[in-house]
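Subject: Structure for your review

Dear colleague,

I am handing over the structure we discussed, and I would be grateful if you could look through it alongside the notes that follow.

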Amino acid sequence: MLKPIADRVILKVKEDKEETVGGIVLASSAQDKPQVGEVVAVGQGARTREGQRLPMTVKVGDNVYYDKYAGTTLKYEDEEYLVLKENDILAIID
């Protein structure tokens, strides 16, 4: 499994299947980029200038909203993931 470093988080993006009222499924290119994902891995946290680790706010299993254009998409073992910094996460979904 991928292991992020510092204050980075790895998300599994939740793909929404958009369907119109008439039952037509929209192509992914016609939809906005999804902004909801599940945290699958969390780094150890950023370091302060004094070398102390700052604790991460999110944990594995959290569902989160993230900034629309944040992160880098990568493919690992035939799965797509999004790697982003913790400060690109906007909210945790309860």
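In these notes a residue is called buried under 20% relative accessible area and exposed over 50%, and partly exposed in between. By that convention glutamate 79, with a relative accessible area of 35%, is partly exposed. Please bear in mind throughout that this is a predicted model.

Let me begin with the charged side chains, where the count comes to 2 salt bridges. In one of them, lysine 12 is joined to glutamate 79, with 2.5 Å between the closest N and O atoms. Since lysine 12 belongs to strand β1 and glutamate 79 to strand β5, this pair ties together parts that lie 67 residues apart in sequence. Lysine 12 has a relative accessibility of 28% and therefore counts as partly exposed. The charged end of lysine 12 also sits over the ring of tyrosine 81, at 5.6 Å from the centre of that ring. As for pairs between aromatic rings, the structure holds 0 of them.

A salt bridge is likewise found between the side chains of lysine 59 and aspartate 62, at 3.0 Å from N to O. Here lysine 59 is exposed, its relative accessible area being 54%, whereas aspartate 62 is buried, with a value of 10%.

Aspartate 7 deserves a separate paragraph. This residue is found in the segment before β1, the strand that covers residues 8-13, and aspartate 7 is buried yet has no salt bridge.

Glutamate 77 has a positive phi of about 50° although it is not a glycine, and aspartate 78, which is not a glycine either, has a positive phi of about 65°. What is the relative accessibility of glutamate 77, and is the residue buried or exposed? The value is 63%, so glutamate 77 counts as exposed, and aspartate 78 is exposed too, with a relative accessible area of 71%.

Finally, there is strand β3, made up of residues 63-66, which has a covered face with Val64 and Tyr66 and an uncovered one with Asn63 and Tyr65. Strand β2 (residues 36-42) runs antiparallel to β3 and is joined to it by 3 bridges, and across this pairing valine 36 stands opposite tyrosine 65. β3 also pairs with strand β6 (residues 89-93), again in the antiparallel sense, over 4 bridges. In that pairing isoleucine 89 of β6 is the bridge partner of tyrosine 66, a residue of the covered face of β3.

With kind regards

Note on methods
Residues numbered from 1 in each chain as written. Predicted model: local features only at pLDDT ≥ 70, side-chain atom pairs only at ≥ 80, totals over all residues. Heavy atoms only, no water. Buried < 20%, exposed > 50% of the residue type's maximum accessible area, 1.4 Å probe, protein only. Phe/Tyr/Trp six-rings, centres within 6.5 Å; stacked < 30°, edge-to-face > 60°. Lys NZ or Arg CZ within 6 Å of the ring centre and 35° of its normal. Helix = DSSP H or I, 4+ residues; strand = E, 2+ residues; numbered from the N terminus. Lys, Arg positive; Asp, Glu negative; His and termini not counted. Salt bridge = Lys/Arg side-chain N within 4 Å of Asp/Glu carboxyl O. Pairing = 2+ DSSP bridges.
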